[in-house]
Amino acid sequence: MSKKIVYLLGAGASANALPVVDALKKRFSIFCDHFQEHLKTSGASDEKFTTAFKNQVKLNFSLENHYTIDTYARKLYLQSQLTGDTAPYELLKKYLAAFFTYEQINIDRHLPCNHYIKDNLNSSDTSSPKVALLIKVLQNFDYRYDSFLASLLQINSRIEIQLPDEISIVSWNYDYQIEKAFINFSNRNLDVAQNMLNVFGDFNRKITSSNKNYSLIKLNGTAGFIDIQTGNNIVDFKSDTLTKEIFEVFEDALLLRRNKYHNGVRFAWENESISKEAIAMANKKIKEADIIVVIGYSFPYFNRGVDRQLFSGLENIAPNKKIYLQAPVDAIESIGNRFKAIFSKYEIEKHIEVDQFLIPNEF
């Protein structure tokens, strides 16, 4: 019988496309500048322009004064539990959804609506840090997902591609990198690709069948928007580019109290029913796995409660699971120590080569 393998992914698994820590703060500022440029050129009302400016000044300041965006989110969440005022926390999640959509959609620098990016790239010194950041914004896909899926995908009896039944992915990431890679192989649109991937946990969709083999479990939801009426994603990474219409969705979602879009960011520590279902499903996968591969996840302290739930029950299982940890050489020892502090019973095998995702020899 084939070995069951669970991949546990963190932000580092998307680091070739999406920013982390300091780079995230700088690129979030670029998104805010581009959004302001859209409001100016589209003739938005003074009220919208002022609201957007105030929101962005506050968010940029707050991100500069917190180690990570998740740290700031955790702080706002705890404050909302004390005060009952959820508005700042929900606003941050909306901006996260808009920002990560912006970062992952194709930006055609020749389109008029993208003149903020185009003009800065064409008129600036190519050696300047700002231009280097703008070029990074155009890199919207981590190539490692392509080679990863190329190694794993199979054709099923319906002549469709799918992940093997023995492979599951549990992701802390709310990005679309796995879906984008799957679209490259399936040539389907985003909504169909997510159904084919058997995604659980995106946009608060509930478990439809306890016996269904969910291939991708998203602990923090998805940083994007769906149309509330249709339930469809607002973008299709197969064909869409960053157009004026996409910015109009951002304008609606970020600046109107009542809008027609649902934001899919949902942090695992919110303790909502969908979060509990996602954690329980991930825990079941981890307990059943023969092999666990951790890629780009640092076991941060504010996730420790959820991490304990994810690995709950393993203490009652003979320590015969194989655990691989893949991380850059300058981080792998500290990450390994954090893992051992929580799960001292298990030995881990460390891998520092990060140009491709690890495929265990047992597969």
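Which residue lies over the face of Trp-269? It's Arg-74, and you'll find it 5.1 Å from the ring centre. Keep in mind as you look around that this is a predicted model.

**View 1. Charged residues over aromatic rings.** Arg-74 over Trp-269 is one case. Another is Lys-218, whose charged end sits over the ring of Tyr-176, 5.3 Å from the ring's centre.

**View 2. Phe-28 meets Phe-99.** The count of aromatic pairs in this model comes to 27. One of them joins Phe-28 and Phe-99 edge-to-face, with 5.5 Å from centre to centre and 70° between the planes. Phe-28 lies in helix α1 (residues 21-41) and Phe-99 in helix α4 (residues 87-104), so this pair ties together parts that are 71 residues apart in sequence. Both Phe-28 and Phe-99 are buried.

**View 3. Phe-99 also pairs with Phe-31.** This pair is edge-to-face too, at 6.2 Å centre to centre and with 65° between the planes. Here again distant parts of the chain are linked: Phe-31 is in α1 and Phe-99 in α4, 68 residues apart. Like Phe-99, Phe-31 is buried.

**View 4. Helix α4 against helix α10.** Now follow α4 to where it packs with α10 (residues 244-255): the angle is about 170° and the axes are 10 Å apart. Angles over 145 degrees count as roughly antiparallel, so that's what α4 is to α10. On the α4 side, the residues in contact are Leu-91, Lys-94, Tyr-95, Ala-98, Thr-101 and Tyr-102. They meet Phe-247, Phe-250, Ala-253, Leu-254 and Leu-255 of α10. Sorted by class, the contact has nine nonpolar residues, one polar and one charged.

Notes:
Residues numbered from 1 in each chain as written. Predicted model: local features only at pLDDT ≥ 70, side-chain atom pairs only at ≥ 80, totals over all residues. Heavy atoms only, no water. Phe/Tyr/Trp six-rings, centres within 6.5 Å; stacked < 30°, edge-to-face > 60°. Helix = DSSP H or I, 4+ residues; strand = E, 2+ residues; numbered from the N terminus. Buried < 20%, exposed > 50% of the residue type's maximum accessible area, 1.4 Å probe, protein only. Lys NZ or Arg CZ within 6 Å of the ring centre and 35° of its normal. Axes fitted to C-alpha atoms, helices over the stretch in contact; angles between N-to-C directions. Parallel < 35°, antiparallel > 145°, perpendicular 65-115°, else oblique. Contact = heavy atoms within 4.5 Å. Nonpolar A, V, L, I, M, F, W, Y, C, P; charged D, E, K, R; others polar.
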